[in-house]
Amino acid sequence: MLKRKLKKLYFRFGGHLFKTAPLLLSYQLPKTLVIEATNQCMLRCRVCATVNNPIRSKGVMSLELFNQILNQIDWSIKRINFSYAGEPLINKDIFKMVKLAGKKGIPSIIETNGMLLERCVDELLVSGLSKLNIALDGVSQESISKYREGINFTTVMLGIKDIVNKRDRLGLKKPEIHLQFIVMKHNEGEMKMAMEIAKEIGVDFIDLKSMILSGGIWLSESERNRFASEFLPENEEFKRYQLINGSWVLKNQLAGFCPYVIPGMVVIMWNGDVTICTMDVNGQFVIGNIREKSLRLIWRDNKYTELRKKILKRELKECRECAYLVDHYASIKIKEGFAH
């Protein structure tokens, strides 16, 4: 309780201080790294900018580059999230990266569509991965493929079951396994069944999330409205948007200051480019490249400070459209013994 109150005070008063003097943020080095293992994916999710509006060249982060990133980090990092604009399991070195991060005491998270789980179960379980998020936005092939085009429900389910069974049989505490269920118009009636499936398989949590259109900032207004009509659920609890004057807009704006800026998160793309946050899927706000300049120097670059000013004042379209930090999310514990 005390920790939560102190955090609120930090964002309320510290945020105002940083807003007037954003340069101060450059001295508080990032606590979270988002690493783009790859921006390639075998699926074609309907509102995904990576596959529907590809601007950046495609590639996979090399183990050599990841080592270079780790060698530059001489401060405390809370986590590395290997999820950004592609399917991380496509990178054949992903679990070597997880192991290397673990040797530095940095826990890792992977978010996956589940299509490649079966082929890497053993490697995943010995890597020391802390948390595994698996997208399962439906309880049948028909349901799950309405949004995630190209997915195979049976393949994903077999992979999930294999990982859970082997982890539990070996008595491992890691990874903590989450099923992600995005609540949409076509599957909102399946939430109860999804929770039953999660319980039957034996995952640790099921995360019920609302549909986000922000990842599709490349969409025209008419396309955005079309996707909203197709996918936004009737259930108001899981609807981030409301229809105003013929356009779907966020119900709520982010309260307080962006926690991606305070205390700090940095995104490193597969080729070493460094950008401000996960909303920048096309690399519009790249500050520098890790091969040419250290992460510490990039973090403290004047260009980064100027971007922080705009983020704190919400002058960027990406900030005004950001729905990732608006609460429409429920994480439900399935298995006892795992704390969230």
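Which elements cover the buried residues of α7? The cover includes α5 (121–126), β5 (131–135), α6 (141–144), β7 (176–183) and α8.

## Basis of the model

The model is predicted: local features need pLDDT of at least 70, side-chain atom pairs count only at pLDDT 80 or more, and totals for chains, interfaces and linings use all residues. Residues are numbered from 1 along each chain as its sequence is written, and side-chain values use heavy atoms, with hydrogens and water left out.

## Overall architecture

The protein chain contains 13 helices and 14 strands; helices (H or I, at least four residues) and strands (E, at least two) are DSSP runs, numbered from the N terminus. Of its 340 residues, 54% count as buried, where buried means under 20% relative accessible area, exposed over 50% and partly exposed in between (1.4 Å probe, protein chains only).

The accessible surface of the protein chain comes to about 15900 Å², and carbon and sulfur atoms account for 52% of that surface. Accessible areas come from the Shrake-Rupley method with a 1.4 Å probe; for residues, only the protein chains shown count as cover. Among contacts (heavy atoms within 4.5 Å) between residues at least 6 apart in sequence, 72% join residues at least 24 apart.

## Helix α7

Helix α7 comprises 17 residues (153–169), which should span 24 Å at 1.5 Å a residue; its end C-alpha atoms are 24 Å apart, in agreement with that value. The expected span is 1.5 Å times one less than the number of residues. The buried residues of α7 are Phe153, Val156, Met157, Gly159, Ile160, Ile163, Val164 and Arg167. Seen down the helix axis, the buried residues of α7 fall within an arc of 160 degrees, so they line one face of the helix; the arc is that of the directions from the helix axis to the C-beta atoms.

At the N-terminal end, Asn152 caps α7, with a side-chain oxygen 3.1 Å from the backbone nitrogen of Thr154. Just after α7, Gly171 takes a positive phi of about 70 degrees.

Ile201 belongs to helix α8 (residues 191–201) and is buried, with a relative accessible area of 9%. Leaving aside neighbours within four places in sequence, Ile201 is in contact with Met157, Ile160, Lys161 and Val164. Ile201 and Ile160 are 41 residues apart in sequence, and their C-alpha atoms are 7.8 Å apart in space.

A salt bridge (a side-chain nitrogen of Lys or Arg within 4 Å of a carboxyl oxygen of Asp or Glu) joins the side chains of Asp204 and Arg167 at 2.7 Å, N to O. This pair links distant parts of the chain: Asp204 is in the loop between α8 and β8 (205–210), and Arg167 is in helix α7, 37 residues apart. Both Asp204 and Arg167 are buried.

## Other salt bridges

The whole structure holds 15 salt bridges. One of them joins the side chains of Arg46 and Glu149 (3.7 Å, N to O). It links distant parts of the chain, with Arg46 in the loop between β2 (44–45) and α2 (49–52) and Glu149 in strand β6 (residues 148–149), 103 residues apart. Arg46 counts as buried at 17% relative accessibility, whereas Glu149 is partly exposed at 34%.

Lys309 forms a salt bridge with Glu306, their closest N and O atoms being 3.2 Å apart. Both residues lie in helix α12 (residues 302–312), three residues apart, about one turn of the helix. Lys309 is partly exposed, with a relative accessible area of 34%, and Glu306 is partly exposed at 42%. Salt bridges that share partners join Arg46, Glu149 and Glu230 into one network.

Terms used
A polar contact is a pair of N or O atoms within 3.5 Å; within protein, one must be able to donate a hydrogen and the other to accept it, and residues adjacent in sequence count only if both atoms are side-chain atoms.
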